[in-house]
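Here is a friendly note to read alongside the model. Keep the picture open as you go through the points.

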Amino acid sequence: MRIVEISMFHRPLPINGEPYRMALQELTSLDSTLVRITTDTGVTGFGEFCPLGSAYQPQHMLGGRAALEEICPYLIGLNPLLIDRAYDVMNQALCGSLYAKSAIDMALWDIAGKVYGARICDLLGGAVREQVPSYYAIGLTSPEKAVEIARQKQAQGFRRLQLKVGGRELEEDIATVRKVSEVLGNGTVLAVDANRGLLPRDAIQLSHACREQRFVLEQPCQTYEQCLAVRQHINHPLYLDEVIEDLNTLLRAISDNAADGFGMKQSRVGGISQMRTIRDVCASAGLPMTSDDSWGGDLVASACLQLGATMQPNLCDGVWIAAPYIDGHYDQDNGISIEQGQLSLPAGPGLGIEPGIGDDEKALISFG
Ligand code: 0XW
Ligand code: MG
């Protein structure tokens, strides 16, 4: 079996409703890139990457596409089932750009599932459960609006809420955390996520001011070292997200006892293959993580869900997907939606998603 063609396609993902506000970004539309890998047997696999805009992390749409233009010629002719070998070739062709490589990795896993007649979760050791909890991220907003959303999302079945803070007056963050905490039902847990937007002094003051409220404080400050220092002075478990850029930084964080859990994004670390290892390392350390990505449609959503379904429930803090902010699906029949706060694995092999790329759709670029 050989790769004979790799093509890229653009999928605009406008955000429905309010802009998506975090401490350092406000987003109204995202741009996703789909990758289609075609083999000589006619089996095709699909992947996707979708940076959270151009300023969130060192990733952006055009940079990812340029990285794939550099990489793809080296992949033509390879056996797509030898995923680790193909990844070696990608790393020899280009250093870094893990977010772009994640889309190739995803498509290769999709092909493997279709060839072996198995869902990706079952190639990753098997699903522990067929439904996996999602969680909802409440963007930066007023205390009153945050309370309204918290009530609404709990009524919809979510049992984990993430509340964005940072990038504004500390008093407003404190008021919002306190007000939302008051309306959390039994069994609903809260993550307060600053996406690196709090100064160390403010992260410490937020934790002290809200010492009566139960939550994990996620990625409060800009750097790993700042979070490590803040951890010594706060009253809440600390999660790391953006600074865990690869397996090595995860191993360092575990060795330093720097975190009580992790918000993990598949594209940041390089794809399903890397998230599988991170899953196992976190499990061996007894530390929970989420199985998320920055953004994306049904392909990214399925990839996060496939991995999340294989995680032990007590170590899986949920699978976040962007579907609530996206109108429609790539796959009208099998698109990934949240029902009662839960995600259900698609039945089909691989990702179980056909992204609806028409035969007449012109690719941004094709190789092979
Ligand atoms: C909530 N997320 C997983 C989605 C956005 O990309 C931000 C991210 C986070 O937790 O930082
Ligand atoms: Mg986060």
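1. A polar contact is a pair of N or O atoms within 3.5 Å; within protein, one must be able to donate a hydrogen and the other to accept it, and residues adjacent in sequence count only if both atoms are side-chain atoms. With that in mind, look at Asp-241: a polar atom of its side chain is 3.1 Å from an oxygen atom of ligand 1.

2. This is a predicted model, where local features need pLDDT of at least 70, side-chain atom pairs count only at pLDDT 80 or more, and totals for chains, interfaces and linings use all residues. Residues are numbered from 1 along each chain as written, chains are lettered from A and ligands numbered from 1 in the order written, and side-chain values use heavy atoms, without hydrogens and water.

3. What else touches an oxygen atom of ligand 1? In Asp-193, a side-chain N or O atom lies 3.0 Å from one, and in Ser-294 a backbone N or O atom is 2.7 Å from one. Ligand 1 alone exposes 290 Å², and the protein buries 100% of that (Shrake-Rupley method, 1.4 Å probe).

4. Around ligand 1 there are 16 residues (a heavy atom within 4 Å), with Gln-162 and Lys-265 among the closest.

5. The domain assignment, automatic or from a database, gives domain 1 (3–118 + 354–367) and domain 2 (123–344). Each of these domains supplies at least three residues to the shell around ligand 1. Their centres, taken over C-alpha atoms, are 24 Å apart.
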